[in-house]
Amino acid sequence: MEGKRILRAARWKTITWACGLLAKTRRITVFGTVHAPLVHPIFAAKQMVTVSHVSEGRFGLNIVCGWNQDEFEMFGIVQREHDTRYEYGQEWWDVVQKIWRENAPFDYDGRFIKLKNVIGKPKPYKWRPVVMNAGSSTAGRSLEQRNCDFLFTVLIDLEKGKQDVQRTKEIAAGFGRTVDILRRRMWCYAQHEKKRRNITNITQRKWGTRSRADHLMELQGLHAQSFPAEAFKSIRQRFFGGHGVYPLIGDPDDVAAELAKISAAGFIGTTITFVNYLDEFPYFRDEVLPAPGEIGLTAAGKCNVTF
């Protein structure tokens with residue numbers, strides 16, 4: 001497609017990947033992402049029940065309601081208007097739970113989904129998986145506060161992030177629910193001084209061109225409401241490192257101290273990515289993860305890290 005960079009990367013099918021990983025482990029919970037508009041709820045319910053039994057209840061679900069227009073064009077499906085996506089997502093999730101809950105065949109007559117004589121057996125190993133969503137708009141938050149156990153949110157700066165955590169927990173409490181807040185993907189560059197100061201050179205050299213960053217920003221602006229419009233210009237630099245996320249740049253003590261601040265702001269955890277996993281993850285594991293204990297980040301206040 002001339003003049004347009006399509007943002008697609010090689011990656012595994014998430015539910016199948018989760019099932020394989022869970023079959024090889026004993027304690028961890030693995031989340032699989034389901035793109036609700038592109039996966040029928042009956043099919044999704046059956047997939048997740050299978051993984052639930054393979055893992056004895058250690059599967060988690062990340063519900064995505066849409067945003068990447070390139071993906072919808074690839075499937076030949078028209079993407080709904082922003083808020084309507086979450087209305088569909090609620091209906092989709094209601095159907096999935098009804099399949100897991102009902103023992104007799106049922107009909108479903110919703111605004112978007114209409115089904116006849118639906119039944120699904122077996123039922124999940126546990127009632128349902130833990131659920132997360134990463135919507136940051138008002139419509140996205142409404143879905144999360146009503147249904148999710150974990151909310152992944154955008155972090156622009158720590159003070160705004162702290163206010164966001166408090167406000168989200170208060171709204172969820174109004175529905176009689178408790179929601180824990182995690183910080184969406186950060187990119188980390190925890191290396192020696194001379195290698196880490198020029199962020200532009202690090203990310204642009206490793207991960208691509210300005211046109212790719214511009215296309216990602218276009219998608220975020222036109223097909224999602226995850227970033228405030230006024231923030232786009234100031235955080236454009238971060239889009240070179242991946243989705244405009246909050247960076248962790250520094251030596252191990254710098255990164256550990258920043259994780260402590262994130263924990264103090266009320267986030268229970270964060271996902272982290274690297275410029276080069278093979279080179280940098282061992283360094284992070286050996287040098288950064290031990291550091292929080294040395295700076296007073298106790299086990300109770302520790303910021304959980306996923307990759």
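Visitor: What covers the buried residues of α5?

Guide: The cover includes α4 (82-101), β5, β6 and α6. Please note that this is a predicted model.

Visitor: What makes α5 a mostly covered helix?

Guide: Seven of the ten residues of α5 are buried. They are Ala139, Gly140, Arg141, Leu143, Glu144, Gln145 and Asn147.

Visitor: Why is Thr168 called buried?

Guide: Thr168 has a relative accessible area of 2%. Buried means under 20%, so the term applies. Thr168 lies in helix α6, and beyond its neighbours within four places in sequence it is in contact with Arg141, Gln145, Leu151 and Ile181.

Visitor: How many residues does the protein chain have, and what share of them counts as buried?

Guide: The protein chain has 307 residues, of which 49% count as buried. The chain holds 14 helices and ten strands.

Visitor: What makes Arg128 and Asp149 a salt bridge?

Guide: Their side chains meet at 3.1 Å, N to O. The cut-off is 4 Å between a side-chain nitrogen of Lys or Arg and a carboxyl oxygen of Asp or Glu, so the pair qualifies. Arg128 is in the loop between β4 (114-118) and β5 (130-133), and Asp149 is in the loop between α5 (138-147) and β6 (150-153). The two residues are 21 apart, and the pair links distant parts of the chain.

Visitor: How do you know that Lys169 and Asp180 form a salt bridge, and which parts does the pair tie together?

Guide: The closest N and O atoms of Lys169 and Asp180 are 3.4 Å apart, and the limit is 4 Å. Lys169 lies in helix α6 (residues 158-174) and Asp180 in strand β7 (residues 180-189), so the bridge ties together parts that are eleven residues apart in sequence.

Visitor: Why are Lys169 and Asp180 called partly exposed?

Guide: The relative accessible area is 31% for Lys169 and 26% for Asp180.

Visitor: How many salt bridges does the structure hold?

Guide: The structure holds eleven salt bridges.

Visitor: Why is α12 described by its angle to α13 as it is?

Guide: The axes of helix α12 (residues 252-264) and helix α13 (residues 277-288) come within 10 Å and cross at roughly 75 degrees. Angles of 65 to 115 degrees count as roughly perpendicular, so α12 is roughly perpendicular to α13. The contact is made by Pro252, Val255 and Ala256 of α12 and by Tyr283, Phe284, Glu287 and Val288 of α13.

Visitor: Which residues form a nonpolar patch on the surface?

Guide: Trp12, Trp17, Leu21 and Ile28 form the patch, with about 450 Å² of accessible area together. Ile28 is in the loop between α1 (14-23) and β1 (30-35).

Visitor: Why are Glu56 and Asn117 called exposed?

Guide: Glu56 stands at 51% relative accessibility and Asn117 at 61%. Exposed means over 50%, so the term applies to both.

Visitor: What is noted about the phi angles of Glu56 and Asn117?

Guide: Glu56 has a positive phi of about 55 degrees, and Asn117 has a positive phi of about 50 degrees, although neither is a glycine. Glu56 is in the loop between α2 (41-55) and β2 (59-64), whereas Asn117 is in strand β4.

Visitor: Which kind of peptide bond joins Lys121 and Pro122?

Guide: A cis peptide bond joins them, with omega about 5 degrees. Pro122 lies in the loop between β4 and β5.

Conventions: Residues are numbered from 1 along each chain as its sequence is written. This is a predicted model: local features need pLDDT of at least 70, side-chain atom pairs count only at pLDDT 80 or more; totals for chains, interfaces and linings use all residues. Side-chain values use heavy atoms; hydrogens and water are left out. Patches are made of residues with over 30% relative accessible area and no salt bridge: like charges are joined within 9 Å, nonpolar side chains (Val, Leu, Ile, Met, Phe, Trp, Tyr) within 5 Å. Accessible areas come from the Shrake-Rupley method with a 1.4 Å probe; for residues, only the protein chains shown count as cover. Helices (H or I, at least four residues) and strands (E, at least two) are DSSP runs, numbered from the N terminus. Axes are lines fitted to C-alpha atoms, for helices over the stretch in contact, and angles run from 0 to 180 degrees between N-to-C directions. Angles under 35 degrees count as roughly parallel, over 145 as roughly antiparallel, 65 to 115 as roughly perpendicular and the rest as oblique. Contact means heavy atoms within 4.5 Å. Buried means under 20% relative accessible area, exposed over 50%, partly exposed in between (1.4 Å probe, protein chains only).
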